[in-house]
Amino acid sequence: MSKRQLEEGIVTDLGDRLTYSGYLGLDALLSAQRPLSDPPHHDETLFIIQHQVTELWLKLMLHELGATMVALRADELYRASKILARVKQIQLQMIGQWSVLDSLTPSEYAEFRGVLGHASGFQSFQYRCLEFLLGNKMPELLKLFEHDADQHGQLEALLLRPAIYDEFLACLHRRGHAIPADRLARDWTEVPDPDPRVVEVLLDIYTATDQHWETYEFCEKLVDLEQNFQVWRFRHMKAVERIIGYKRGTGGSSGVAFLRKVMDQQFFPELYQVRTQIGQV
């Protein structure tokens, strides 16, 4: 093989310049994997990185969903749809990475599971923020963050504000759709029951797509968001079932049984109910 020459013009004197590592904060990022098993178990590094990467994707999802809500408030549905297209790709990455954790066998995990104590993904602050943004609000979950005043305050603020679907309904109202007034001003801490009046509005959109294309497209982006979230939940449940069977979770949950129950939760039930109405005589 011929010797490869360094291309002329590549900067090699980096002593006083911003570097790739410095820009990305790699010293902090790559030193954040600290196994607790003694001696360190080979597979604990996989377990830590898997969850750290998930938290990074969650951070980006929260960033993008925040921008989506800003776009909705400005009635810029085209921009909100574009952002959700990116969120979909983030979700596909999160779904795919479960395959990496699936390579962890039950016997391997059992050798270091004890060092986790009661630490559990159930306690993920960013995951709870995501669920609140998507409308699955449970005020009692604030108790998990009473030990951290900043996180508790941020989650409480999300509890008291409209979720992304609420912002979408407000946008529809401003566009002239007959969204009921009691869905536009309500107790945001509660999860409302599906409203047949909202389903009727959605039916008008879905049966006149040429007139409401931008709105119709955003509806489908929301369905993508929910469907991918449910696939992620399913892969999570199957990974847990594969690795620990039916043991209780480290955080105290019933494990697989708990994860099966949350899969029945829907963020945007009216967007599914309208599908039953479409095409009916």
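Predicted model: local features only at pLDDT ≥ 70, side-chain atom pairs only at ≥ 80, totals over all residues.
Let me begin with a term: on a 1 Å grid over the protein atoms alone, a cavity is a set of points where a 1.4 Å probe fits but cannot get out, and a pocket is an open set with protein on both sides within 12 Å along at least five of seven lines, while lining residues have an atom within 4 Å of a point. Residues are numbered from 1 along each chain as its sequence is written, and side-chain values use heavy atoms, with hydrogens and water left out.

The structure holds one cavity of 30 Å³ or more, and the space in the largest cavity is about 60 Å³, where a volume is the space filled by probe spheres set on the grid points, which are joined across faces, edges and corners. Its lining consists of Leu58, Met61, Gln91, Met94, Tyr127, Leu130, Phe229 and Trp232. At least two lining residues come from each of helix 3 (44-73), helix 4 (77-96), helix 7 (125-133) and helix 12 (213-244), helices being DSSP runs of H or I with at least four residues, numbered from the N terminus. Seven of the residues lining this cavity are nonpolar, one is polar and none is charged, if we count Ala, Val, Leu, Ile, Met, Phe, Trp, Tyr, Cys and Pro as nonpolar, Asp, Glu, Lys and Arg as charged, and the others, Gly among them, as polar.

A search of the whole structure finds 16 aromatic pairs, a pair being rings of Phe, Tyr and Trp (its six-membered ring) with centres within 6.5 Å, and planes under 30 degrees apart count as stacked, over 60 as edge-to-face and the rest as tilted. Phenylalanine 229 and tryptophan 232 form a tilted pair, because their ring centres lie 6.2 Å apart and their planes meet at 45°. These two residues are three apart in helix 12, and so about one helical turn separates them. Phenylalanine 229 is buried at 3% relative accessibility, and tryptophan 232 is buried too, at 11% relative accessible area, where buried means under 20%, exposed over 50% and partly exposed in between, with a 1.4 Å probe and protein chains only.

Phenylalanine 267 and phenylalanine 268 are likewise tilted, since their centres are 6.1 Å apart and their planes are at 55°, and both of these residues are buried. Ring pairs join Phe229, Trp232, Phe267 and Phe268 into a cluster that also includes Trp98, Tyr127, Tyr165, Phe168 and Phe218.

Turning to the pockets, about 1200 Å³ of space lies in the largest pocket. Its lining has 46 residues, and those nearest its centre are His51, Ser120, Gly121, Phe122 and His236. Helix 3 gives the most to this lining, with nine residues, and by class the lining comprises 24 nonpolar, 15 polar and seven charged residues.

The second largest pocket has a volume of about 230 Å³. It is lined by 20 residues, and Gly135, Val191, Pro192, Gln266 and Phe267 are the closest to its centre.
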